[in-house]
Amino acid sequence: MNILFKNIKELIQIREKSEIFISGKAMKTLPSIQNAYLLIKKGVIAAYGPMSEYPEYEVDEIVDSTGKMILPSWCDSHTHLVYAGNREGEFEDRIKGCSYQKIAEMGGGILNSAKVLENTSLEDLYLQSKVRLEEVMCLGTGAIEIKSGYGLTPKSELKMLRVIKRLQNEFPVTIQATFLAAHAIPETHKSNKELFLKTMLEETLPIIKKENLASAVDVFCETGYFTTEDTAYVLETAQDYGLKPKIHVNQFNAIGGVGIGVYYNALSVDHLELIRDEDLAVLKGSKTMPVALPGCSFFLEIPYTPARKIIDFGLPLALASDYNPGSAPSGNMNFIVSTACIKMKMTPQEAINAATINGAFAMGVEHEVGSITVGKKANLILTKPVHSLTDLPYCFGSNLIEQVYVNGKAVKN
Ligand code: NIG
Ligand code: FE
């Protein structure tokens, strides 16, 4: 099926194949063509250009896009979308003044989600997760990373990863699976964290490799969770199985995890609500993408990742939702882009670069998605009629998406 979009008010995020992520000052530019056409052939971007140069094509469908814009769909590089139940009770506790950390210390938080997940069947977990994936696709997400990490036992972690695998098989969006091997220390191993890590890795990695259940590994490097030594051990062990590191780091405390991530060539270092000069320095020149999660800062009322400091230092930055039941129960990337502009002072161009091409790089799918490039998947957002690109973050909370395309097929209706 071939589709031709004609009279596009602005075709946004046009990139050469060689542009795999955007850093520093260059993030202020979002290359585009006004009054453009875009041709999709067999689910892939085949051609584009200004309407003035439009050659006649034989196509199955023509979409007149007068007044509307087209951009690549969102690339959400950090989510925990597969989870069981919710944490509404803890949300109310926090409204009454109990902190996220206090709730975790009292056995709630990640341990709460792990308990519920243990008692949820694979089928039920799939059904609960599928609804969330369907929702975020309609909200414009065309590529997504999903982590395990609420299992905390080899058996439950594998259950989560098999649910992610089923989503990969049954949905057209690009899905990258990450084995979050060290998310929290379960009650059973409070006094023997080393044994917990060893068991988690030894009993799961051979199966993950055999069944091809994940392409990346993750660790929560944080005071009270996992140290830099634990982080190095997990990353090194998983790397032997071909998994690429991605870490949760510098959320509440900066303990040196950024350097560990860069040392192990992590795809990304995520959270960074705190960032020290030495963290910025170690990231410079590396291929590790810093990732900000403003939904988590909003929901937990913790500091926002200092985007200006990171970008003005010449580094790239990606934006992701962190969709999870405890610290960010929303996978709406439109809200993430708005929040990045409003609270982190990113320009609309910077935020869209961060939520598309840089997000794709942060999950290792930069050659498939994230920009309008010939040969990439036709994963696109067609907006409603808008004044300009700025409308997207400016009209926070409004849904300005008219249609989402995944592999060139309309998602809604
Ligand atoms: O990215 N920081 C660690 N993990 C998740 C939250 C987990 C939870 O509270 O369920 C995060 O914020
Ligand atoms: Fe997370």
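Which residues in α12 meet which residues in α13? Start there: select M333, V337, A340 and C341 in α12, then P348, A351, I352 and A355 in α13; these residues meet, contact meaning heavy atoms within 4.5 Å. By class, this contact of α12 with α13 has eight nonpolar, no polar and no charged residues. In this classification Ala, Val, Leu, Ile, Met, Phe, Trp, Tyr, Cys and Pro are nonpolar, Asp, Glu, Lys and Arg are charged, and the others, Gly among them, are polar.

The model is predicted: local features need pLDDT of at least 70 and side-chain atom pairs count only at pLDDT 80 or more, while totals for chains, interfaces and linings use all residues. Residues are numbered from 1 along each chain as its sequence is written, chains are lettered from A and ligands numbered from 1 in the order in which they are written, and side-chain values use heavy atoms, with hydrogens and water left out.

Now show both helices whole. Helix α12 covers residues 333–344 and helix α13 residues 348–355; they pack at an angle of about 140°, with axes 9 Å apart. Helices are DSSP runs (H or I, at least four residues), numbered from the N terminus. Axes are lines fitted to C-alpha atoms over the stretch in contact, and angles run from 0 to 180 degrees between N-to-C directions. α12 and α13 are therefore oblique to each other; under 35 degrees counts as roughly parallel, over 145 as roughly antiparallel, 65 to 115 as roughly perpendicular and the rest as oblique. The crossing is right-handed, which is the term when the near helix is turned clockwise from the far one by less than a right angle.

Next, select helix α6 (residues 193–211) and helix α7 (residues 228–239). Their axes are 11 Å apart at an angle of about 15°, and α6 and α7 are therefore roughly parallel to each other. On the α6 side the contact includes K193, E194 and L197; on the α7 side, D230 and Y233 are among the residues. By class it has six nonpolar, one polar and four charged residues.

Move to helix α4 (residues 122–138) and helix α5 (residues 154–170), whose axes come within 10 Å and cross at roughly 50°. That makes α4 oblique to α5. The contact of α4 with α5 has seven nonpolar, one polar and six charged residues.

Finally, select ligand 1. It is surrounded by 15 residues, the closest being R87, Y100, Y150, Q251 and S327; a residue is near if one of its heavy atoms lies within 4 Å. For H183, a polar side-chain atom lies 2.8 Å from a nitrogen atom of ligand 1.

Notes. Helix = DSSP H or I, 4+ residues; strand = E, 2+ residues; numbered from the N terminus. Polar contact = N/O pair within 3.5 Å; in protein donor to acceptor, adjacent residues only side chain to side chain.
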